[in-house]
Amino acid sequence: MMCSLWRGTLLTLTSSLNRRVFQCCRQLGRSYNIASCMPEAVAFQGVSDHSGLYKFSVNESDRFWGAVARQRLSWISPFHTVQNCDFSQGKIKWFEGGKLNVSVNCLDRHVQTCPERVALIWERDEPGTEVKITYRQLLELTCRLGNLLKRQGVRRGDCVTIYMPPCPLAMASMLACARIGAAHNVVFAGFSSEALADRIRDAQSSTVITVNQGVRGGKVVDLKRTVDQAVQNCPTVQQVLVAMRTENTVPMTDRDVPLEEEMMKEDVVCEPVAMDSEDVLFLLYTSGSTGKPKGLVHTQAGYLLYTSLTHRYVFNYHDGDVFGCVADIGWITGHSYIVYGPLCNGGTTVLFESTPVYPNPGRYWEMVERLGINQFYGAPTAIRLLLKYGDEWVQNYNRSSLKTLGSVGEPINTEAWEWYHRVVGDGRCPVVDTWWQTETGGICIAPRPADPEAEIVPGMAMHPFYGIKPALLDTEVVTGDGVVLQSAQFPAFLRLRLALCYNQYCPLNCATPLLGFFFTGDGAHRSKEGYYQIIGRLDDVINVSGHRLGTAELEDVVVCTIIIMFGLGVYVFVVLKKAVMVEEDVLAQQLREMVSRSIAKYACPDFIQVVRCLPKTRSGKIMRRVLRKVVERNTDELGDLSTLDDPDSVHEVIRGHRRLRGDGKQQ
Ligand code: 6R9
């Protein structure tokens, strides 16, 4: 079923694909020198253009990554081995023997050369109240926090959970962990107390960092209260550091530490720990095909190198540019392209606390004008949403600072791509649709870098990045279509035991040996020119607003699903608990997809109404199981229906399904 559903989608998408080609970044008449783009390339014999450089990066991977790592990172001691990987054993090691500190690479070395350069612009929820923080100030914040964490007993190898909205102290907390050798585990501050507790327990954190309250879209969210609820079920937690985002006091217990007050008592110097290349930098939980979130591990050197390289070349980032990635730091996009990539490059990075429509749908573009943003990186969901409000909200603001527009998180449809290109970018900025995953740490497939005149096809992620070898697992001998397999042999790929379980997981149950590749869970089409178009997920993972939510997380918010069939139409009402920080119509669209997966082929639900704030019964999960059984015609094995709000509706579904299949007539 999965396969046919995907093939259907594929056909629709490829046939509707607008083949108009945009040639951006033309440098006609100018001679092209690869070394002026990437200085390391001088040493790579025979490499004169981009495709030569790409081939070199995959064929001479040791030389490529060795040179780049020596040139771009500051090492405390040099590495002796570039890579030592055997994916079949789950072994992935890069830059062995090397010692470095990630916070030194992101802060100290820039403080030495340009201490007053703005490292971070905190775009607060309240428009026009941005806060600029220089490299010197960010290093000071990080050192004070590092010293405070040490005073509170956090040691090298511990894992600190961070449950904070995008704010400078969240970023400094991540860097402070890196400085003292602790790992961080950032949990998106929209997750429920249950989801937070699961992640704290799994990471065995003894320290949690949070804020009293968050502010988003003009609304105040009681984050400390969520933490209080979560830690009741987390015996490992000994202390909660609480920063103040609003003026409102919140109840504090003996376990709670007022963060700003205590960190001001600390010194502004904190000795960085020399970390091994393969020590853990962070854990980040993401939804897998099993429905249960899994903690992925990224390590120090390979991750940092890869995010800085992709940040520099995919977006064509140059010194002095203002980089605006509007993701939340709670997702991998925030880790890689708000924090580590831009800071490693000495860049100026924007930390966006608000929403695309607060106080109005001009928010992004008003911010672009006010902050002079040069590269804007956002999600297709937001672009689609803003498109609906019309061009005026964009055209009201001066966007001449923009040079590159990026897209991430889900496939971008042609209409949204063209609007982004034509209206937001005035037809002069390349749109880079970047495909990657929490597992890959950084961008794997994107239109740039490429030779200067290379085309960009709307809606296509186009080419693999340096060192990346994607492949398509072709199940039905249809050349060019398949599930994306990703070579595990590049520095930012996830680490640890998890590599082993990925190895065994195959969404299409085929027996193909993996030989260093892993299944991404995404379907793709490769054109005859070799360009990649990502179709979307083939497993049970649901992409909401560009972020992965597994069935478990979604069922956490779905209270019940009521299905009513009228004639040929199927009406699906999904009742939600209130704690979901996603736009309602977007969620409804994703839920519709989820439900249509369950009854695909036979009926097409055309309406979902989202009702909020009802008590939770968890019957969404039961209903999904029931729908599967109905579709498989196993109606004798429906199981216990007593937790459904309306068990009788199931019989109605069965009758309607039979009618649709034409079985009813025979009875
Ligand atoms: C970075 C990020 C990963 C999943 C991935 C895919 C989808 C991401 C995409 C895209 C089509 C793109 N995805 N970028 N699909 N085109 N440009 O989003 O990481 O949260 O782990 O999600 O998102 O389905 O497998 P993550």
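Helices (H or I, at least four residues) and strands (E, at least two) are DSSP runs, numbered from the N terminus. I take the expected span of a helix as 1.5 Å times one less than its number of residues.

**Ground rules**

I am working with a predicted model, where local features need pLDDT of at least 70, side-chain atom pairs count only at pLDDT 80 or more, and totals for chains, interfaces and linings use all residues. Residues are numbered from 1 along each chain as its sequence is written, and side-chain values use heavy atoms, with hydrogens and water left out.

**Entry: helix α5**

I began with α5, residues 102-113. Its 12 residues should span 16 Å at 1.5 Å a residue, and I find its end C-alpha atoms 17 Å apart, which agrees.

Next I looked at burial, where buried means under 20% relative accessible area, exposed over 50%, and partly exposed in between (1.4 Å probe, protein chains only). In α5, 9 of the 12 residues are buried, so the helix is largely enclosed by the rest of the structure. I noted the buried ones as Val102, Ser103, Asn105, Cys106, Leu107, Asp108, Arg109, His110 and Val111.

**Entry: helix α6**

After α6 comes glycine 153, with a positive phi near 95 degrees.

**Entry: the whole chain**

I then stepped back to the totals. I count 22 helices and 33 strands in the protein. Of its 667 residues, 61% count as buried.

For contacts (heavy atoms within 4.5 Å), I looked at pairs with a separation of 6 or more: residues 24 or more positions apart account for 71% of them. With the Shrake-Rupley method and a 1.4 Å probe, where for residues only the protein chains shown count as cover, the protein exposes about 25800 Å², and carbon and sulfur atoms supply 50% of that area.

**Entry: rings**

How many aromatic pairs are there? My rule is that rings of Phe, Tyr and Trp (its six-membered ring) pair if their centres lie within 6.5 Å; planes under 30 degrees apart count as stacked, over 60 as edge-to-face and the rest as tilted. By this rule I get 31 aromatic pairs. One of them joins phenylalanine 315 and phenylalanine 323, edge-to-face at 5.0 Å centre to centre with 75 degrees between the planes. Phenylalanine 315 is buried at a relative accessible area of 1%, and phenylalanine 323 is buried at 0%.

I also looked for charges over rings, meaning NZ of Lys or CZ of Arg within 6 Å of the ring centre and within 35 degrees of the ring normal. The charged end of arginine 124 sits over the ring of tryptophan 122, 5.4 Å from the centre. Likewise, arginine 199 has its charged end over the ring of phenylalanine 191, 4.4 Å from the centre.

**Entry: cysteines**

I searched the whole structure for disulfides (pairs of cysteine sulfur atoms within 2.5 Å) and found 0. Cysteine 177 is buried at 0% relative accessibility, and cysteine 167 is buried at 7%.

**Entry: backbone details**

I noted a cis peptide bond from tyrosine 358 to proline 359, with omega near -5 degrees. Proline 359 lies in the loop between β18 (348-352) and α13 (363-371). The bond from arginine 448 to proline 449 is cis, with omega near 5 degrees; proline 449 belongs to the loop between β22 (445-446) and β23 (455-456).

Glutamine 204 is not a glycine, yet I read a positive phi of about 50 degrees for it. I place glutamine 204 in the loop between α8 (193-203) and β9 (207-211), exposed at 59% relative accessible area. Aspartate 426, not a glycine either, has a positive phi of about 50 degrees. Aspartate 426 falls in the loop between α16 (414-424) and β21 (431-434) and is partly exposed at 45%.

**Entry: threonine 440**

Is threonine 440, in a loop, buried or exposed? Threonine 440 is in the loop between β21 and β22, and at 0% relative accessibility I log it as buried. Leaving out residues up to four places away in sequence, threonine 440 touches His298, Gln486, Phe490, Ala492, Phe493 and Phe518.
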